[in-house]
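Please have the viewer open as you read.

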Amino acid sequence: TPDALAAIRLTLIVAAISVTLNLVFGIIGAWAIAKFDFPGKSALNALIDLPFSFSPVVSGLIFVLLFG
């Protein structure tokens with residue numbers, strides 16, 4: 001159906017944009033953390049490490065509790 005194709009197309013477009021932006025900002029962030037000392041470096045490092053400390057199930061539960 002046209003709706004299913006539109007949904008698949010939208011998913012692929014959003015995924016491509018998301019991967020590209022994550023690649024660009026990830027390389028910039030990693031380079032900045034590795035090469036420079038600046039105020040907020042530890043906060044940036046903590047922000048980058050945050051997804052690794054929460055399981056996806058806990059994050060999903062938090063979103064359900066907040067928005068559901």
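## Salt bridge

Aspartate 37 and lysine 41 join their side chains in a salt bridge, with 3.2 Å from N to O. The criterion is a side-chain nitrogen of Lys or Arg within 4 Å of a carboxyl oxygen of Asp or Glu, and the count by this rule is one salt bridge.

Aspartate 37 is exposed at 72% relative accessibility, while lysine 41 is partly exposed at 23%. Here, buried means under 20% relative accessible area, exposed over 50%, and partly exposed in between, using a 1.4 Å probe and protein chains only.

## Basis of the model

This is a predicted model, in which local features need pLDDT of at least 70 and side-chain atom pairs count only at pLDDT 80 or more, whereas totals for chains, interfaces and linings use all residues. Residues are numbered from 1 along each chain as its sequence is written, and side-chain values use heavy atoms, leaving out hydrogens and water.

## Aromatic pairs

Searching the whole structure turns up two aromatic pairs. Tryptophan 31 and phenylalanine 36 make an edge-to-face pair, 5.1 Å centre to centre with 90° between the planes. Rings of Phe, Tyr and Trp (its six-membered ring) pair if their centres lie within 6.5 Å; planes under 30 degrees apart count as stacked, over 60 as edge-to-face and the rest as tilted. Tryptophan 31 is exposed at 51%, and phenylalanine 36 is partly exposed at 39%.

Phenylalanine 63 and phenylalanine 67 form a stacked pair, 6.1 Å centre to centre with 20° between the planes. Both lie in helix α3 (residues 56-67), four residues apart, about one turn of the helix; helices are DSSP runs (H or I, at least four residues), numbered from the N terminus. Phenylalanine 63 is exposed at 51% relative accessibility, and phenylalanine 67 is exposed at 67%.

Notes
Helix = DSSP H or I, 4+ residues; strand = E, 2+ residues; numbered from the N terminus.
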